[in-house]
Structure formats: structure tokens, C-alpha cells
Amino acid sequence: MNNTRFATAIHIMTLLAKSPQEWLTSDWIAGSINVNPVIVRKEISVLREAGLIISRQGKEGGSQLAKEAGNITISEIYRSVKNTEVLGKKNQNPNPACSVGKEINSHLNTLFEETDQLVSNFLGDKSLQEFADQFE
């Protein structure tokens, strides 16, 4: 994942975990991350679709966790925003006449799937609450 989507999502989720009774606005969250609120709203939408947060509109609007932080795993957050392979992209048009080129992408698929599973397994048992508890 060669972007900041996971870092942004975990930042959002940690802020929500640290203030479970408050409705945090995308503007306030964006101030903590130091990014444009549009980026935060995009990730909030993705996290809401994944069932990790709830939001409400209006003057008293904002976002909260959809369930307790101890019941959300870091791997759930990772899977909700993952849009690229950990190891990057495959070659688009390898030479089919080459002994390596004709098979490289099928072997890369296996390698990518195994690596992704290792990342998910590593993150799987870690809860958002455990991560959030590192912050004062």
C-alpha cells in the first residue's frame, strides 16, 4: 500500500476511540491529521460502509465508532481501506514469448496473496483499543 490511506484511517479511528462519547467533525479530525477535510470525509465514508463508524449530519453532527474500540481489529481497518497490493503492482504486459514473462503474473498473484494474508494475520489480533491506549 504505497499511499497514506491506512495511516489516515487509523488516525481517524484512534481519534474516535479516544473520544467515544463525542461526535467528532471531519474539520476537527482533519486538523489533527493536518489534511484537507475532504480527504477525511472520503475515508469516513469508506469506514462507514465497512460498518466501523456511524455519522450524523447537522449542527450536532460528526462521527463516532459503530462499536467499542476493543471490538474493532486493526486488520478490519486495513481491509476497509486497502486498495493496492502490499508489494505494489504487477507488470502490465510481460512478454508472453519469454519463459519468465509468460508466467510471472500468476506467480506474483500467489506471492501477493500470501503476503497480504501475513499482514492481515499480523494485524488481526490487535484491537483498536490496544492501539489507542498508546496515546495519553
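Predicted model: local features only at pLDDT ≥ 70, side-chain atom pairs only at ≥ 80, totals over all residues.

Trainee: How many helices and strands does the chain have?

Mentor: Helices (H or I, at least four residues) and strands (E, at least two) are DSSP runs, numbered from the N terminus. Here there are six helices and two strands. Their order from the N terminus is α-α-α-β-β-α-α-α.

Trainee: What radius of gyration does the chain have?

Mentor: The radius of gyration is taken over C-alpha atoms, and the globule rule is 2.2 Å times the number of residues to the power 0.38. For 136 residues a compact globule would come out near 14 Å, but this chain has 18 Å. The C-alpha trace spans about 60 × 30 × 25 Å along its principal axes.

Trainee: What share of the residues count as buried?

Mentor: Buried means under 20% relative accessible area, exposed over 50%, and partly exposed in between (1.4 Å probe, protein chains only). Of the 136 residues, 36% count as buried.

Trainee: What share of the contacts comes from residues 24 or more positions apart?

Mentor: A contact means heavy atoms within 4.5 Å. Among contacts in the chain with a separation of 6 or more, 65% join residues 24 or more positions apart.

Trainee: Which residues of the largest nonpolar core touch the most other members?

Mentor: A nonpolar core is a set of buried Ala, Val, Leu, Ile, Met, Phe, Trp, Tyr and Cys residues joined through side-chain atoms within 4.5 Å. The largest one here has 27 residues, and Met-13, Ile-29, Leu-47, Leu-65 and Ile-77 touch the most other members. At least two core residues come from each of α1 (5-18), α2 (26-33), α3 (37-49), α4 (74-81) and α6 (128-132). The largest share, seven residues, comes from α1.

Trainee: What is Met-13 in contact with?

Mentor: Leaving aside neighbours within four places in sequence, Met-13 contacts Leu-47, Leu-52, Ile-53, Leu-65, Ile-72, Ile-77 and Leu-128.

Trainee: Why is α4 largely enclosed by the rest of the structure?

Mentor: Helix α4 is largely enclosed because six of its eight residues are buried. They are Ile-74, Ser-75, Ile-77, Tyr-78, Ser-80 and Val-81. The cover over these buried residues includes α1, α3, α5 (104-124) and α6.

Trainee: Which residues does Ser-120 touch?

Mentor: Ser-120 has its place in helix α5 and is buried, with a relative accessible area of 12%. Not counting residues up to four places away in sequence, Ser-120 touches Ser-75, Tyr-78 and Arg-79. The C-alpha atoms of Ser-120 and Thr-8 are 112 residues apart along the chain and separated by 18 Å.

Trainee: Is Thr-8 buried or exposed?

Mentor: Thr-8, in helix α1, is buried at a relative accessible area of 6%. With neighbours within four places in sequence left aside, Thr-8 is in contact with Ile-33, Ile-39 and Glu-43. Between the C-alpha atoms of Thr-8 and Asn-36, 28 residues apart along the chain, the separation is 11 Å.

Trainee: Is Glu-43 buried or exposed?

Mentor: Glu-43 sits in helix α3 and is buried, with a relative accessible area of 3%. Apart from neighbours within four places in sequence, Glu-43 is in contact with Arg-5, Thr-8, Ile-12 and Val-81.

Trainee: Where is Asn-34 found?

Mentor: Asn-34 is in the loop between α2 and α3, and counts as exposed at 69% relative accessibility.

Trainee: What should I look for in a backbone phi angle?

Mentor: Most residues other than glycine have a negative phi. Asn-34 has a phi near 65 degrees, a positive value in a residue other than glycine.

How values were computed:
Residues numbered from 1 in each chain as written. Heavy atoms only, no water.
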